[in-house]
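Hi,

Here is the structure I promised to pass on to you.

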Number of protein chains: 2
Amino acid sequence: MDKTEKCEKAEKCCDKRELIIQAALELVAEQGFHGAPMAMIAEKAGVGAGTIYRYFENKDDLIRWIYKNVEERFVEVMMQGYPENGPVRERLLHIGTALVRHLIREPLQLRFVEQFHNSPYGVDHRREKIFGEGRKDVISELFQEALQQQIFKPLELAILFSLFFGPLIDICRDHILGFIKLDDALIEQVVGACWDALRR
Amino acid sequence: MDKTEKCEKAEKCCDKRELIIQAALELVAEQGFHGAPMAMIAEKAGVGAGTIYRYFENKDDLIRWIYKNVEERFVEVMMQGYPENGPVRERLLHIGTALVRHLIREPLQLRFVEQFHNSPYGVDHRREKIFGEGRKDVISELFQEALQQQIFKPLELAILFSLFFGPLIDICRDHILGFIKLDDALIEQVVGACWDALRR
DNA sequence: CTCTTGCGAATGAACGGTCATTCCAAATTA
DNA sequence: TAATTTGGAATGACCGTTCATTCGCAAGAG
C-alpha cells in the first residue's frame with residue numbers, strides 16, 4: 001500500500017503537468033487559440049482551472065513552453081540518422097523527408113506550431129530566428145555550406161528556407177486535413193522538387 | 001444643392017461601407033482577428049458601433065466579404081497583361097511576378113488573407129477550393145495544361161500549387177515584415193526557383 | 001497502532017475586463 | 001411631419017486570472 005501510494009503520488013505530480021500540456025496542445029491544435037480557453041484546457045486535463053497556474057505562470061508561459069518543446073522534437077527527429085558526412089543533397093533530403101514523416105505522424109504538433117506562427121507570438125519568434133546571432137544550428141550550417149560550394153542559387157538564407165520548408169509544411173497540412181494522401185514515394189518526390197528549387 | 005446633396009448622400013452611403021471595410025482590413029491585417037473588435041473597427045472608420053450592422057449582417061459577413069474582394073483583386077492583378085498565347089513558362093512567371101509585386105505593394109491585403117487562412121474560416125475555404133467542382137479558373141487550367149504537356153512533374157494540383165505559391169507568399173511576408181528586401185531582380189530569381197521546383 | 005495536527009497542493013466560484021450584438025433616442029433626410 | 005439612418009450606451013456571454021477554501025497525506029503525539 002505504501003509504495004503504491006507513493007508511486008501514485010509521484011506519478012500524479014508529473015502527470016498533472018503532462019496532462020495539462022497534452023490537453024492544451026490538442027485544443028490549440030484542433031481549435032486554435034480561441035478554442036482553447038483555460039477552463040476548457042483544465043476540464044480536458046481533468047484538473048481544476050486554478051491548478052494550471054501552479055505549473056505555469058500564465059497562458060503565454062504554457063503556450064511558449066509547449067512550442068519550445070515541440071520545436072525541439074522537430075530538430076531531434078531531423079537529426080536522427082542524419083548522414084553527417086554524406087553529400088549536401090543527401091543530407092538535405094534526409095532532413096526534408098524526416099520532417100515530413102514526423103509531421104504527418106504527429107499532426108497535433110504541426111497544427112500547434114502553425115497556430116503559434118500565425119499569432120502575435122509568431123512574428124517575434126521569426127524575427128529573433130532570422131536576426132538572432134547568426135544561426136549556429138546544423139541546418140543553417142548545411143545551407144551555408146551549400147551556398148559556399150555554389151550548389152544552391154545565391155539567395156539569402158531566409159529565402160532558401162522558404163523555398164525548401166514552405167511547401168513541405170503546406171503539403172503536410174493538406175495531408176492532415178485529408179486534402180491529399182502522402183506516402184513515402186510521394187514524400188520523396190516532393191522533397192526532391194524542393195531540392196530542385198534550391199539547386200543552381 | 002439637390003445634385004450636391006444627392007451626390008453626397010450617394011457618396012456617404014458608399015463611403016460608410018468603404019470606411020468600415022478599410023478599417024476592418026487594416027486592423028485585421030495589422031493586429032489579427034483578436035486585435036480587431038467591432039468597436040475598434042467602428043472607431044477607426046469614424047462610425048457608430050451599431051452602424052456596421054446596417055451594412056453587414058455580422059462580423060463573419062464583414063470578414064468574408066472583405067476576403068472575397070481581396071481575392072478577386074489578386075486574380076485581376078495576375079490576369080493583367082497575362083500573355084494568353086505565350087508558352088507555359090512565360091505565363092506562369094507572369095502570374096508569379098505579378099502576384100508578388102501586388103502583394104508587396106498592398107501589404108495589408110496579404111496580411112489579411114494570411115489571417116483569414118489561419119482561422120476557422122481558412123480550412124473550410126481551402127476544402128471548397130480543392131474539392132469544389134473541378135477548378136475552372138485560368139490558373140488551374142494553366143497547371144493542367146503543363147501537366148498534360150509533361151512540362152511539370154506528375155503531381156497533384158494541390159501539391160504543385162504549394163510548390164509554386166507557398167514560397168512566394170512566404171517571401172512577401174518576410175519582405176513586409178522587413179526580414180528581407182525584395183527588388184525586381186530578386187523577385188524574378190525566386191519565381192524562377194519556384195518554376196524549377198515544378199519543372200520535370 | 002490510532003488519532004491529531006500541519007501544510008502544500010488542488011480547487012472552482014468569483015472578478016474584472018473584453019467581446020459581438022442589440023436597441024432606442026437623437027439626428028438627418030424627404 | 002414622417003421615415004430612415006445613426007451613434008453609442010446597454011446587454012449578456014465569455015475569457016484569463018485570482019484567492020479563500022478544501023483536501024489528502026505524512027509526521028508527531030499518545
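A phosphate oxygen of DNA strand C sits 2.3 Å from an N or O atom in the side chain of B:K59. That is a polar contact, meaning a pair of N or O atoms within 3.5 Å; within protein, one atom must be able to donate a hydrogen and the other to accept it, and residues adjacent in sequence count only if both atoms are side-chain atoms. A:R54 also reaches a phosphate oxygen of DNA strand C, with a polar side-chain atom 3.1 Å away. With A:G50 the contact goes to a base instead: a polar backbone atom of A:G50 is 3.1 Å from a base nitrogen of DNA strand C.

Before you go further, note that this is a predicted model: local features need pLDDT of at least 70, side-chain atom pairs count only at pLDDT 80 or more, and totals for chains, interfaces and linings use all residues. Residues are numbered from 1 along each chain as its sequence is written, chains are lettered from A and ligands numbered from 1 in the order in which they are written, and side-chain values use heavy atoms, with hydrogens and water left out.

Back to the DNA. There are 16 residues around DNA strand C, and A:G48, A:T51, B:P37, B:M38 and B:K59 come nearest; to be near, a residue needs one of its heavy atoms within 4 Å of the strand. Of the atoms of DNA strand C that come within 4 Å of the protein, 66% belong to sugar and phosphate. (Ala, Val, Leu, Ile, Met, Phe, Trp, Tyr, Cys and Pro count as nonpolar, Asp, Glu, Lys and Arg as charged, and the others, Gly among them, as polar.)

DNA strand D is surrounded by 15 residues, the closest being A:M38, A:Y53, A:K59, B:G50 and B:T51. For DNA strand D, sugar and phosphate make up 67% of the atoms that come within 4 Å of the protein. Which side chains get to its phosphate oxygens? A:K59 has an N or O atom of its side chain 2.3 Å from one, B:T51 has a polar side-chain atom 2.8 Å from one, and for B:Y55 that distance is 3.4 Å. The surface near DNA strand D divides into seven nonpolar, five polar and three charged residues.

Next, the two protein chains. The contact between them (heavy atoms within 4.5 Å) takes 34 residues from chain A and 34 residues from chain B. Together they bury about 3,000 Å², 65% of it on carbon and sulfur atoms; buried area is the accessible area (1.4 Å probe) that two parts lose on being put together, summed over both. On the chain A side, A:N118, A:I159 and A:F179 lose the most area to chain B, together 19% of what that side buries.

Side chains of opposite charge can pair when their charged atoms come close. Between chain A and chain B there are four salt bridges, each a side-chain nitrogen of Lys or Arg within 4 Å of a carboxyl oxygen of Asp or Glu. One to find on screen links B:R126 with A:D174, whose closest N and O atoms are 2.5 Å apart. The elements giving two or more residues to the side of chain A that touches chain B are helix 7 (120-131), helix 9 (157-176) and helix 10 (184-198) of chain A. Helix 9 of chain A gives the most, with 10 residues. That side of chain A divides into 18 nonpolar, six polar and 10 charged residues.

How do the two chains relate? Chain A can be laid on chain B with an RMSD of 0.1 Å by a turn of 180° and a shift of 0.0 Å along the axis, using least squares on the C-alpha atoms of residues with pLDDT of at least 70 in both. That is the relation of a two-fold axis. In chain A, A:A197 comes closest to the rotation axis, at 2.2 Å (C-alpha). The copies meet through the same surface, because 100% of the interface residues of chain A are also interface residues in chain B.

Cheers

Note on methods: Helices (H or I, at least four residues) and strands (E, at least two) are DSSP runs, numbered from the N terminus.
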